[in-house]
Each structure stands twice: as C-alpha cells, then as structure tokens.
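Here is a short report on one protein model.

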Amino acid sequence: MRQAGGRDVCARGDDVVAAFERAPAALEAAVAIQRAMRAGPWPGDISPRLRIGLHRGRPTLNDTGYVGLSIHAAARICFAAHGGQIVISAPVRTGVLESLAEDLSLRSIGAWRFRGLPEPMDLFQVEAGDLLADFPPLRSAIPAK
C-alpha cells in the first residue's frame, strides 16, 4: 500500500483504512494486496481472503481522523464485498479508466443501496486472470431497483 503512495489513516482490529491522492494508486495497491494474499505462502491449508472496497470522495480531516459520507461509503462497500473480492464505486472507476492495466477489467455488479447513505451506488468488481472472480451477491447491501 505504501509503495503505491497510500497512507494508513485508521486501523481497528483487522480493518485498515488507507488514503490515496489518486484512484489509480489505490487500485494498484488493492490488486497488489490481493495477489500477495493469493501467493502466500500460508501454513497448512490456510487460504486467508481479504475483502477490499474502494471509494473516491472528499472526506474531512479532523482531530480524530478522516470523517464524512465518503468514509462511510468506503466502509460499506468493503463490508459488502466477499473475501478475495475488490469492489469499487463508480467514482473510482471513472478515476482509473484511462490508466487501467491491460490485465485488469471492471465488471458492473449493479447499483446497490447501503444503510446510512442517501443514494444507491453503482459498483464494479475488479477482475484479472489471477484473481478470484466468482462471488455471490454482495453482503449487507440491497440491490437498487
């Protein structure tokens, strides 16, 4: 994450929130993290899977860290994803399209509603030949009609 220019802004338990100045750097870090997790090595039959959610917005920085709807959106997207999955919002997609690596694609997984957010969000799954690709519907989100 730091190699792509990210900064840890919050770590609680096994959750980590990072901030990036540019969406392509955030996506680069997310893909690198998933690839490293898949490569292991892990003892025995362990195959840990991380879920990653990316959102782009303008949070406010105060004495306790970053706050605002964009932080809540990123957290909701991440929580809705499945282990091994990278889910990004439409603003992230817009920010990465021109620089998307040749081995990556973005597949629409539809519009979803999240508790505490005023509008549905169009979401996309990041795909590559070496990443997991088949997941059930998102957790804790409601498909927008």
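The sections below describe the fold and its packing.

## Basis and overall make-up

This is a predicted model: local features need pLDDT of at least 70, side-chain atom pairs count only at pLDDT 80 or more, and totals for chains, interfaces and linings use all residues. Residues are numbered from 1 along each chain as its sequence is written, and side-chain values use heavy atoms, with hydrogens and water left out.

The protein has three helices and nine strands. Helices (H or I, at least four residues) and strands (E, at least two) are DSSP runs, numbered from the N terminus. Their order from the N terminus is β-β-α-β-β-β-α-β-α-β-β-β. Of the 145 residues, 33% count as buried. Buried means under 20% relative accessible area, exposed over 50% and partly exposed in between, with a 1.4 Å probe and protein chains only. The accessible surface comes to about 9,100 Å², computed by the Shrake-Rupley method with a 1.4 Å probe, where for residues only the protein chains shown count as cover. Carbon and sulfur atoms hold 51% of that surface.

Contact means heavy atoms within 4.5 Å. Among contacts with a separation of 6 or more, 62% join residues 24 or more positions apart.

## The five-stranded sheet

An open sheet of five strands runs in the order β3-β6-β8-β7-β9, with mixed pairing. Its edge strands are β3 (52–54) and β9, each pairing on one side only. Two strands pair if DSSP finds at least two bridges between them.

β3 and β6 (residues 86–89) run parallel and share three bridges. There, leucine 54 has isoleucine 88 as its bridge partner. β7 (residues 105–113) and β8 (residues 121–127) are antiparallel, with seven bridges. Leucine 106 stands opposite valine 126 of β8. β7 also pairs antiparallel with β9 (residues 142–143), over two bridges. Here tryptophan 112 meets proline 143.

## Helices on the sheet

Both α1 (residues 23–39) and α2 (residues 69–80) lie across β3, β6 and β8. α1 runs at about 175° to β3, and α2 at about 145°. Axes are lines fitted to C-alpha atoms, for helices over the stretch in contact; angles run from 0 to 180 degrees between N-to-C directions.

Buried residues of α1 include Leu27, Val31, Gln34 and Met37. The buried residues of α1 pack against β3, β6, α3 and β8. Just after α1, glycine 40 takes a positive phi of about 70°.

## Cores and a buried histidine

A nonpolar core is a set of buried Ala, Val, Leu, Ile, Met, Phe, Trp, Tyr and Cys residues joined through side-chain atoms within 4.5 Å. The largest has 17 residues, and Leu27, Leu54, Ile86, Ile88 and Val126 have the most contacts inside it. α1, β3, β6, α3 (90–96) and β8 each give two or more residues to this core. α1 gives the most, with five. A second, separate core of 13 residues includes Ala73, Ile77, Ala80 and Leu123.

Histidine 82 sits in the loop between α2 and β6. Is this residue buried or exposed? Histidine 82 is buried, at a relative accessible area of 14%. Leaving aside neighbours within four places in sequence, its contacts include Leu50, Arg51, Phe135 and Pro136.
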